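Please have the structure open as you read.

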Amino acid sequence: MYQSPRRLCSALLQRDAPGLRRLPAPRLRRRSPPPAIVPRPASPRLLAAVSAASGAARSCSRTACSMGNGTSRLYSALAKTLTSSAASQHPEYLVSPDPEHLEPIDPKELLEECRAVLHTRPPRYQRDFVDLRTDCPSSHPPIRVMQWNILAQALGEGKDNFVQCPVEALRWEERKCLILEEILAYQPDILCLQEVDHYFDTFHPLLSRLGYQGTFFPKPWSPCLDVEHNNGPDGCALFFLQNRFKLVNSANIRLTAMTLKTNQVAIAQTLECKESGRQFCIAVTHLKARTGWERFRSAQGCDLLQNLQNITQGAKIPLIVCGDFNAEPTEEVYKHFASSSLNLNSAYKLLSPDGQSEPPYTTWKIRTSGECRHTLDYIWYSKHALSVRSALDLLTEEQIGPNRLPSFNYPSDHLSLVCDFSFNEEPGGSL
Ligand SMILES: NC(=O)C1=CN([C@@H]2O[C@H](COP(=O)(O)OP(=O)(O)OC[C@H]3O[C@@H](n4cnc5c(N)ncnc54)[C@H](OP(=O)(O)O)[C@@H]3O)[C@@H](O)[C@H]2O)C=CC1
Ligand SMILES: [Mg+2]
């Protein structure tokens, strides 16, 4: 019998964890790329669970481990016992446990449990933070932002055609742990995700119990819904740590293109830092994919910029925009963002020697049509109000490997981007 979901839930039942505790900080370095690996040590007391999970995983057929089973159903069952009877009238993917009724999870414990589930996988690669500090002393801790298209489970299994990726590498019960491991390794204060099709059964309950407040906005006609055994629509999700920020306002935006409503969405939230009292706006989006849709993406980008102009009161409130723009830096939508009156810069350009070039790739996969290596994901920020203190380096080509992504040791076809921001000292013009 497949037992790993039950073992994973053991952290959920813990009663003595005081909330999110910082794990040892990842190493910081200055522009030196040793391709190190991070072993996944299994603690002795977890060995029984590890062997049960791996044995079950080995014997689990693709059908038996399809989306929405195991942990998903367990969480949904839990939710139905904890929330009002009205919840049971909704489809399974809309049922969410009430975090008020759930105990906090110790992130170290959850990380250990993820690593136990993943112990048969190849080791995780080390990525280092590159120190980008200029002369911006700040008395407050930085704000760590993670941008990541995590790959919708339904699209990965049913539509994306990653021809070099074995189906076993995509099994949700393990891929979920790879995603959580990445989040727990970098401990972002703010998490901006695309292609989330396990919000209600996985990310919302778990991240709530790690201290995050979450918002989800599904695509109106998610392509996930075309896939058999799907787990509901995919969409954008935004999480922030409740002990660091207070929500001031929140907007779910359905993007338009030339006045037409489109299938793409964004979430924009104004947050107030509890330490400094300073406000900023954080937005997440996922623009229309595929070649031939460049003008459509450009129009969606213009609509998003217009919305953000209003929300930031004409750039008075500092802004961070995370997204899978599905556009190379040569595209019109990129140019709109780079030249907007919102005064934005793209954080990952700062990793280049001259600070002017985007990285060579943020997604790398092999489809039936061939190899697709592109820079599509960005973290934009108000350059007058914010500074990037450090950024997480990308995986190297050697680390990504010949079969590209996703793989047994990386769960998505897109790399996560992570930056530490601080407010510039002069408050003139910013709230
Ligand atoms: N019922 C209805 O009336 C409607 C239904 N739909 C459904 O939505 C789908 C399109 O939705 P839309 O939001 O425009 O989707 P997009 O074209 O934006 O792509 C959807 C997803 O497919 C991935 N993708 C990109 N390129 C490829 C590729 N070459 N092969 C496989 N997957 C790829 C994208 O991933 P990434 O971003 O990582 O590249 C993205 O997450 C339709 O196929 C239909 O199923 C849409 C509108 C109306
Ligand atoms: Mg995709």
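Predicted model: local features only at pLDDT ≥ 70, side-chain atom pairs only at ≥ 80, totals over all residues.

An unreviewed UniProt entry places the feature "domain: Endonuclease/exonuclease/phosphatase" at residues 146-414. In the model, this span is 23% helix and 34% strand, and its end C-alpha atoms lie 13 Å apart.

**The largest cavity.** How many cavities of 30 Å³ or more does a search of the whole structure find? There are four. The largest holds about 110 Å³ of space. Its lining consists of 16 residues, and those closest to the centre are Arg124, Tyr125, Glu182, Asn409 and Tyr410. Strand 3 (124-125), helix 6 (172-186) and helix 10 (397-400) each give two or more residues to this lining. Helix 6 provides the largest share, four residues.

**The largest pocket.** About 900 Å³ of space lies in the largest pocket. Of its 35 lining residues, Asp160, Ala289, Arg290, Asn326 and Arg367 come closest to the centre. The elements that give two or more residues here are strand 10 (260-273), helix 8 (294-311), strand 14 (363-367) and strand 15 (370-374). Which element gives the most to this lining? Helix 8 does, with three residues.

**Lining by class.** Here is how the residues of each lining divide up.

Terms used
Residues numbered from 1 in each chain as written. Chains lettered and ligands numbered in written order. Heavy atoms only, no water. UniProt positions renumbered as here; feature names shortened; annotations may be inferred. 1 Å grid on protein atoms, 1.4 Å probe; cavity = no way out; pocket = protein on both sides within 12 Å on 5 of 7 lines; lining within 4 Å. Points joined across faces, edges and corners; volume = space filled by probe spheres on them.
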